Amino acid sequence: ISSFCEDSTLINLFTSGFNPKEDVYRRLLKDSDPRILKKIFLFSLIKLNDYGWLDLAQLFVDGTDALVNASKYYLIHLEEIENVKKIKKLGLIHNGKKGSSKRFKEKLSRILKSEDLDEETEKVLKLALKNSKIYCRKVFNNIDKLEKAIEKSNKNYVSVSFPDAVMMKTKKGGYEFGLNLQSIMANHQILITGLLLRKPNDHSVLEEVLQELKLSFEILKELNIKYGLQQDNKKFDFENLIDQAIFICDSGYFSNDNFEIADFNDLNFIVMSKQIARQNNNNKRKLWNKKKDNVSKKQCMRIVDAYICPNQRLISLDSVTVTNGKYNKQPYISGDLREFSFKFSCKDCSGCPFVEKYGEKCKCAKIEDRMSLYMYNMTNAFAEGKYNEIYKDRFFNSECINGFHKTKDSILNLLCRDLTANQNEMLLRGLLYNIIRLKELKGTFC
């Protein structure tokens, strides 16, 4: 944001020619009321609608990593929560200043060597020696917050410096603390809304996305009544949006949880299956290597109700049965949402070098898919090219916001170690993006 203030004539109109520094923005993000910033951001959509560019026929949902300033090595584990409390009772908590951690370890070592301790106290001191940095006053004062953060997460640890962050796998293959940024885009590359989630991937985010959309459209309706030039309030009715809009997502959303929410809300939901996405990526990267000794399902081409192996043998569908796993025993799972077993086999493997060498152990002679009928039909639809044209628009409209947010090294770094401040940051970024988009569509500043 600071760099845009330095370079952009448009943004300088709002800052009266001044170039605010990063510290100014940190204070703004921490002290601002999120409800007010949200209304200011959504007002940009009212202006875009006034000019006729707000098209809600298709909504593109996309997620990306938003990394936070929290070290992946400064952690506190569940067992250490109680240990910090016990160290406090023993009067051994250090002040956290420079060198105090080292003195703390030396003190514990002396106690363990010189005193006759009971088994429980000895265990407490030895555990404290493993991670001495967390046994300070600052951590103890936030111990209840850290404990609640661990309860909310699916892990047995959290970041001490930013408990709301989650450990997530980055696009580059490493692991860092961050948040999951969900952006909802419309045609003309317009940002409708966005939210930060404490989830490491997109497998179960659709419910929160719909809740955020509902809240945003309630505010949009109010703003349009008060300020909009086009009084088409039905356009900002959430129920009407659910009935009319097509929600388009990438393969990261291809999961039982998201399909359940889509089915429950009767969404027009299009999401590319992981099989088709992998197949497209493999074709682009030319990963298939004929020198490999064996093949797997990942290297087979998915077509309607069948696969084709790398040696051009047809692996057709044999049987469809309902599985007897835990997922289907849930009371709210029925009909097409139930998990099925789809078994495929090759009817003619004569002359195939892999079958001749491995026999029944050939990994593509027999294939099994386990998914709901809803997901299976979606896979077939993409395999026959039904959604190819409409899905093409996804990359053009949804990925542009990620490119806007990220730095030159393709990373989005959030400024603050506070969830509310991070949400405020993304609202300001989104407002900045829509203002620039409005200027680009109009071709003028005013």
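Student: How much space lies in the second largest cavity?

Tutor: About 50 Å³. The model is predicted, with local features needing pLDDT of at least 70 and side-chain atom pairs pLDDT 80 or more, while totals for chains, interfaces and linings use all residues. Residues are numbered from 1 along each chain as its sequence is written, and side-chain values use heavy atoms, with hydrogens and water left out.

Student: What makes a space a cavity or a pocket?

Tutor: Both are sets of points on a 1 Å grid over the protein atoms alone: in a cavity a 1.4 Å probe fits but cannot get out, whereas a pocket is an open set with protein on both sides within 12 Å along at least five of seven lines. Grid points are joined across faces, edges and corners, and the volume is the space filled by probe spheres set on them. By this rule there are three cavities of 30 Å³ or more.

Student: Which residues line the second largest cavity?

Tutor: Gln275, Arg278, Gln279, Lys297, Lys298, Cys300, Arg302 and Tyr307. They are called lining residues because each has an atom within 4 Å of a point. Helix 13 supplies the largest share of this lining, three residues.

Student: What makes a lining residue charged, polar or nonpolar?

Tutor: Asp, Glu, Lys and Arg count as charged; Ala, Val, Leu, Ile, Met, Phe, Trp, Tyr, Cys and Pro as nonpolar; the others, Gly among them, as polar. The lining of the second largest cavity therefore divides into four charged, two polar and two nonpolar residues.

Student: What is the volume of the largest cavity, and which residues are closest to its centre?

Tutor: The largest cavity has a volume of about 110 Å³. Of its 13 lining residues, Leu191, Thr193, Gly194, Met426 and Leu427 are the closest to the centre. Strand 5, strand 6 (190–197), helix 16 and helix 17 (419–442) each give two or more residues to this lining. By class the lining has seven nonpolar, six polar and no charged residues.

Student: What volume does the largest pocket have, and which residues are closest to its centre?

Tutor: The volume of the largest pocket is about 1,500 Å³. It is lined by 41 residues, and those closest to its centre are Asp250, Ser251, Gly252, Ala277 and Asn281. Helix 13 gives the most to this lining, 10 residues. The residues of the lining comprise 16 charged, 15 polar and 10 nonpolar.

Student: What makes a stretch a helix or a strand?

Tutor: Both are DSSP runs numbered from the N terminus: helices are H or I over at least four residues, and strands are E over at least two. The chain has 17 helices and 13 strands.

Student: Why is Lys343 placed in its class?

Tutor: Lys343 has 41% relative accessibility, so it counts as partly exposed. This residue is found in strand 12 (residues 339–346). Not counting residues up to four places away in sequence, Lys343 touches Ser316, Leu317, Asp318, Ser319, Ile367 and Glu368.

Student: What is the phi of His188, and what is that of Gln312?

Tutor: Phi is near 70 degrees in His188 and near 65 degrees in Gln312. Both values are positive in a residue other than glycine. Most residues other than glycine have a negative phi. His188 is in the loop between strand 5 and strand 6, and at 34% relative accessibility it counts as partly exposed. Gln312 lies in the loop between strand 10 (306–308) and strand 11 (314–322); its relative accessible area is 64%, so Gln312 is exposed.

Note on methods
Buried < 20%, exposed > 50% of the residue type's maximum accessible area, 1.4 Å probe, protein only. Contact = heavy atoms within 4.5 Å.
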